[in-house]
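Please keep the sequence and the model in view while reading.

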Amino acid sequence: MAVKTAEARLEERWRDILTVHAHTMCEIDRALHPHGLGASDFEVLDILATAAPEAGDQCRVQNLVGRIHLSQSALSRLIGRLEKEGLVERSVCAEDRRGVWVALTDKGRALYAEVLPLQRAVLERMLSERAG
């Protein structure tokens, strides 16, 4: 039997990470689908809820770009869809007309609170399976 090189072990670890990520995202999608959300939708709501915890708090869209694993254009489309569904509101930054603020609506906060336990349960199940 051939001995694995350090490079082969590194590549194997990387593939394991990708597999866990893909399976976890699929499970989150399945759990949230009945509520009209996908995993990426939830990530935006989750970041907004934690970055802007009070009603009326806003977050710059630019601050989401580095935290959501989507291109800037895909993130913009996702936020547009969430806005159309009444879950977030966008507004232009008064100081920098290129900047855009986004905030959860009351409807968005309520849906987030409803689905948060579902997402966390999937994370607990998927990540504890891998640790064990």
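A salt bridge is taken here as a side-chain nitrogen of Lys or Arg within 4 Å of a carboxyl oxygen of Asp or Glu. Glutamate 83 and arginine 90 form such a pair, with 3.0 Å between their closest N and O atoms. Glutamate 83 has a relative accessible area of 30% and is partly exposed; arginine 90, at 33%, is also classed as partly exposed. The model in which this pair occurs is a predicted one. Across the whole structure, the search finds seven salt bridges, and others among them are taken up below.

The overall architecture comes next. The protein chain contains five helices and three strands, which follow one another along the sequence as α-α-β-α-α-β-β-α. Of its 132 residues, 32% are buried. The accessible surface comes to about 8,500 Å², and carbon and sulfur atoms account for 55% of that area. Among contacts with a separation of 6 or more, 56% join residues 24 or more positions apart.

In general, strands of a sheet pair through backbone hydrogen bonds, in either a parallel or an antiparallel arrangement. Here the three strands make an open sheet with the order S1-S3-S2 and antiparallel pairing. Strand S1 (59-60) and strand S2 (88-92) are the edge strands; each has a single partner strand, so one side of each has no neighbour in the sheet. Five bridges join S2 and S3 in the antiparallel sense. Valine 92, for instance, has valine 100 in S3 as its bridge partner.

Two helices can now be placed against this sheet. Helix H2 lies across S1, S2 and S3, and runs at about 90° to S3. Helix H4 also packs on the sheet, where it touches S2 and S3; its direction makes about 120° with that of S2.

Which residues touch the most other members of the largest nonpolar core? In this core of 27 residues, they are Leu37, Leu45, Leu48, Leu64, Leu82 and Val88. At least two core residues come from each of helix H1 (6-32), helix H2 (39-51), helix H3 (61-65), helix H4 (72-84), strand S3 (100-104) and helix H5 (106-131). H2 supplies the largest share, namely seven residues.

Two residues show the contacts in more detail. Leucine 82, once residues up to four places away in sequence are set aside, touches Leu37, Asp41, Val44, Leu45, Leu87 and Val88. Isoleucine 79 is located in helix H4. Its relative accessibility is 2%, below the 20% limit for a buried residue, and isoleucine 79 therefore counts as buried. With neighbours within four places in sequence left aside, isoleucine 79 is in contact with Val61, Leu64, Val88, Arg90 and Val102. Arginine 90 is eleven residues from isoleucine 79 in sequence, and their C-alpha atoms are 8.4 Å apart.

The side chains of arginine 81 and aspartate 41 meet in a salt bridge, at an N to O distance of 2.6 Å. Because arginine 81 belongs to helix H4 and aspartate 41 to helix H2, this pair ties together parts that are 40 residues apart in sequence. Arginine 81 is partly exposed at 36% relative accessibility, whereas aspartate 41 is buried, with a relative accessible area of 5%.

A further salt bridge joins the side chains of aspartate 46 and arginine 120, at 3.4 Å from N to O. What does this pair tie together? Aspartate 46 lies in helix H2 and arginine 120 in helix H5, so the link spans parts that are 74 residues apart in sequence. Aspartate 46 counts as buried at 12% relative accessibility, while arginine 120 counts as partly exposed at 36%. Finally, Glu27, Arg30 and Arg125 are linked in a network of salt bridges.

Technical notes. Residues numbered from 1 in each chain as written. Predicted model: local features only at pLDDT ≥ 70, side-chain atom pairs only at ≥ 80, totals over all residues. Heavy atoms only, no water. Core = buried A, V, L, I, M, F, W, Y, C linked by side-chain atoms within 4.5 Å. Buried < 20%, exposed > 50% of the residue type's maximum accessible area, 1.4 Å probe, protein only. Helix = DSSP H or I, 4+ residues; strand = E, 2+ residues; numbered from the N terminus. Contact = heavy atoms within 4.5 Å. Areas by Shrake-Rupley, 256 points an atom, 1.4 Å probe, with all protein chains shown as cover. Pairing = 2+ DSSP bridges. Axes fitted to C-alpha atoms, helices over the stretch in contact; angles between N-to-C directions.
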